[in-house]
Amino acid sequence: MQTYKVGISDKDVGYAAAMMDYAARFKDTGMQVIAFSNMKGVEDYLKTRDLDVVLTDDITGCEVSERGVTISDVRVVMLSEYRDGGDCTVTEQGLICLYKYQKAGHIYERLREIIVEKPKDSNKLATTIGVYSPIGRCGKTRLAKALANEDEVRGGLYVAMEDYSESINSLDSNILYQIKSGVPELDQIIRNEIVLENGLHRLTISGSYMDSHNLLLSDMEELIKQLLGLRSYTTIVFDIGSAAICDMSILTLFDKLYVPVLNDAVSLGKLEVHGRILKEMGLRNVITKEIKLEVPDVDVGSDVMTRFLWRLEEN
């Protein structure tokens, strides 16, 4: 189960301590809770570390924008002492209020929904998945291919955006140029570029990161729109090299974002640097979206990989 970090600040320090204790005792909440005496403490904490959501009875000093109520770009959920304040009331400012004296398990269940919730699009018939990692040799490409390979509905599409492609023929790809040119027949061009390799449908965006660095957020939005418009696949997986994109906000565009990791000291150091860079760029929403996982070192179509992906989907 993915574990999320929750900051809680309440004038009743006993309540905050009890909520922290509950999460520590019941691991199935999937929450790591840190209690603060006030919101200034939360703000100071976020200067160097991360939280996925903040639960508080005091939103003084918080920021209000089209994304809702935040502190240091982290989502804020209000604790209400009044039951009619709502179990899930959304104000005009996008503030969600939770009744603080309901069962702690219910609060954490709702917080998980809030953290991972995405706008629903009834016309969207496919899931887009980004696989990215600042660490090398971590199973990134193996995971991306496995995710596309496991789709048994209408099949998956593997979109190669590695630093360097494994195929010399990829250097002939001109998808990026066509996207930027805004050609009207882009959908047909993309169809023609998709090839079937070892039972896997594959689209190569560019042969090297020197080309894909020119990809803007708007370009990727257009590409995703075109791929969804094909209505040929129910899973579209992007294998993104650590140097393949210049605009890291591109990582916010996917329904899911998997980050394969390793647990050696060097890899953990790279992950820490990666997180710090995202924070300094104002991209905490990328950090929140990231699902870090260790990929088993097995073949893409093996039973072990299939079970791993099943558990991943269940969690």
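## Close-up views of a predicted model

View 1. A disulfide here would need a pair of cysteine sulfur atoms within 2.5 Å, and a search through the whole structure turns up zero of them. C62 counts as buried, with 15% relative accessibility, while C246 counts as exposed at 52%. For these labels, buried is under 20% relative accessible area, exposed is over 50% and partly exposed is in between, using a 1.4 Å probe and protein chains only. Keep in mind that this is a predicted model: local features need pLDDT of at least 70, side-chain atom pairs count only at pLDDT 80 or more, and totals for chains, interfaces and linings use all residues. Residues are numbered from 1 along each chain as its sequence is written, and side-chain values use heavy atoms, with hydrogens and water left out.

**View 2. The seven-stranded sheet.** Seven strands make an open sheet with mixed pairing, in the order β11-β12-β10-β13-β9-β14-β15. At the edges stand β11 (195-197) and β15 (290-293); each has a single partner strand, so one side of each has no neighbour in the sheet. On average, neighbouring strands are turned by 30° against each other, direction ignored. Strands (E, at least two residues) and helices (H or I, at least four) are DSSP runs, numbered from the N terminus. Two strands pair if DSSP finds at least two bridges between them.

**View 3. Strand β14 and its two partners.** β14 (residues 256-260) pairs with β15 in the parallel sense, over four bridges. Here P260 stands opposite L293 of β15, and V259 stands opposite K292. β14 also runs parallel to β9, joined by three bridges, and L257 in β14 is the bridge partner of G130. Four of the five residues in β14 are buried, leaving the strand mostly covered.

**View 4. Helix α8 and the largest nonpolar core.** A nonpolar core is a set of buried Ala, Val, Leu, Ile, Met, Phe, Trp, Tyr and Cys residues joined through side-chain atoms within 4.5 Å. The largest one has 36 residues, and M161, I190, L227, F238, I240 and L251 touch the most other members. At least two residues each come from β10, α5 (175-181), α6 (186-193), α8, β13 and α10 (284-289). The largest share, four residues, is from α8. Zoom in on F238 and you'll find it touching I129, G130, V131, V159, M161, M220, L223, I224, L227 and F254, leaving out residues up to four places away in sequence. Contact means heavy atoms within 4.5 Å. A second, separate core holds 21 residues, including V6, L55, L79 and I107.

**View 5. Two loop residues with positive phi.** R137, in the loop between β9 and α4 (140-149), has a phi near 55°, a positive value in a residue other than glycine. R137 is exposed, at 84% relative accessibility. Now look at N198, in the loop between β11 and β12: this residue isn't a glycine either, yet its phi is positive, at about 55°. N198 is exposed too, with a relative accessible area of 83%.

Notes: Axes fitted to C-alpha atoms, helices over the stretch in contact; angles between N-to-C directions.
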